[in-house]
Amino acid sequence: MSLASGRGTQAKLSTLIFHRVLPEADPLFPEEMHAARFRELCAWLRSWFRVLPLDEAALRLKNGTLPARACTITFDDGYADNHEVALPILREAGLPATFFVATGFLDGGRMWNDTVIEAIRRCALPVINLAGTPAASLGRLILDGAEGRRGAIDRAIKAIKYLDHAERLDWVAALAERSGAVLPDDLMMSSAQVRGLHAAGMQIGAHTVSHPILAGLPRAQARQEIGDSKAALEGLLGARVGLFAYPNGRPVEDYSAESTELVRELGFDAAVSTAWGAARHGGDLFQIPRFTPWDRQRLRFAVRLQRNLLAS
């Protein structure tokens, strides 16, 4: 199996995207990355690719000096397990990675989708009845075993995801209150953990403050979300932050041409999306595609990666 993509101006860059790396497999989310699987995957990547820091890869893409089999590893959002679980595995494998952090959730914050997940996961009731709340249109969420809870989570997240920011917060607060669950405050990284990643040689990138859908924001608000996250991280690290990841990351639906223009104006060097594909010389460095195969078996994982390269 060849994963070669040429070199120099003919090279292509594979960029993988992750979010969490759990200590152990989660029965509610069996597809979620966990330590044993991530360790295996890192061994595959090390044997197949030249894994580069993202800033170096972007510069070499621009200059036409990218090596064959080039790859970068990225993480979005800023989960604490990135530092506690992923970092030791990356260091053991000798691989660099870039961690995109939504700064508003550092030091005890929690993303809205995780509030939904944990409220339903930890609820001791058989049903969450949302009648009479801002989220009344969700009706009754039946929590019948792991399958029922997962179905309730998927349904709630789908309904809430593209609501206006204030309305989304109202729905999530109602769901959390009606669940009666005690919610965790340690899912996201602390400032010290972000500094720890940076001190370990990993790259830190900006991911907005509150992880909004940028395409739906007025220009001034989008600019503030992007710029404030950059400034916060630079203040935290005492170093320049030149990389950005669009929240959710789908072109048009999640971010717009105006979003990309703002990222350029605010002094970033490159940005990543979640559009599938591989980057090539001459492509837009502010819309670098990312793709991670979901296959568990080594050969199938490699074949899907290769198809992604060939289709780009």
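Q: What makes the space lined by R37, E40, L41, W44, D295, R296 and F301 a cavity?
A: A cavity is a set of points where a 1.4 Å probe fits but cannot get out, and a lining residue has an atom within 4 Å of a point. In this predicted model, R37, E40, L41, W44, D295, R296 and F301 line the largest cavity. Its volume is about 40 Å³. The structure holds one cavity of 30 Å³ or more.

Q: Which helix gives the most to the lining of the largest cavity?
A: Helix 1 does, with four residues.

Q: How do the residues of that lining divide by class?
A: Three are nonpolar and four are charged. No polar residue takes part.

Q: Why is R37 called buried?
A: The cut-off for buried is under 20% relative accessible area. R37 has 10%, so it counts as buried. R37 lies in helix 1 and is one of the residues that line the largest cavity.

Q: What is R37 in contact with, leaving aside its neighbours within four places in sequence?
A: R37 is in contact with E31, P293, W294, D295 and R296. Contact means heavy atoms within 4.5 Å. Among these partners, D295 and R296 also line the largest cavity.

Q: How far apart are the C-alpha atoms of R37 and E24?
A: They are separated by 9.3 Å. Along the chain, R37 and E24 are 13 residues apart.

Q: What makes a pocket a pocket and not a cavity?
A: A pocket is an open set of points, with protein on both sides within 12 Å along at least five of seven lines. The largest pocket here has a volume of about 1500 Å³. Its lining takes in 42 residues. H19, E31, E32, D77 and N113 lie nearest its centre.

Q: Which helices and strands each supply at least two residues of the lining of the largest pocket?
A: They are strand 1 (12-18), strand 3 (70-77), helix 4 (112-122) and helix 5 (145-160). Helix 4 provides the largest share, seven residues.

Q: Why is helix 4 described as largely enclosed?
A: Nine of its 11 residues are buried, so the rest of the structure largely encloses helix 4. The buried residues are W112, N113, D114, T115, V116, I117, E118, A119 and I120. They pack against strand 5 (127-129), strand 6 (140-142), helix 5 and helix 6 (165-179).

Q: How do you know that the length of helix 3 agrees with its number of residues?
A: Helix 3 runs over residues 80-93, which is 14 residues. The expected span is 1.5 Å times one less than the number of residues. That gives 20 Å for helix 3, and its end C-alpha atoms are 20 Å apart, so the two agree.

Q: Where does helix 3 bend?
A: The bend is about 45°, at A86. A proline, P88, follows within four residues. The angle is taken between axes fitted to the seven residues ending at the bend and the seven starting there.

Q: What makes helix 3 mostly covered?
A: Of its 14 residues, 10 are buried. They are A80, D81, N82, H83, V85, A86, L87, I89, L90 and A93. These buried residues pack against helix 1 (35-48), strand 3, strand 4 (98-101) and helix 7 (191-199). Just after helix 3, G94 takes a positive phi of about 70°.

Q: Why is N248 called partly exposed?
A: N248 has a relative accessible area of 22%, so it is partly exposed. N248 is found in the loop between strand 8 (243-245) and helix 9 (257-265). Its phi is positive, about 65°, although N248 is not a glycine.

Q: Is E56 buried or partly exposed, and what shows it?
A: E56 has a relative accessible area of 29%, so it is partly exposed. E56 is found in helix 2 (residues 54-63). The C-alpha atoms of E56 and Q224 are separated by 27 Å, and the two residues are 168 apart along the chain.

How values were computed:
Residues numbered from 1 in each chain as written. Predicted model: local features only at pLDDT ≥ 70, side-chain atom pairs only at ≥ 80, totals over all residues. Heavy atoms only, no water. Points joined across faces, edges and corners; volume = space filled by probe spheres on them. Buried < 20%, exposed > 50% of the residue type's maximum accessible area, 1.4 Å probe, protein only. Nonpolar A, V, L, I, M, F, W, Y, C, P; charged D, E, K, R; others polar.
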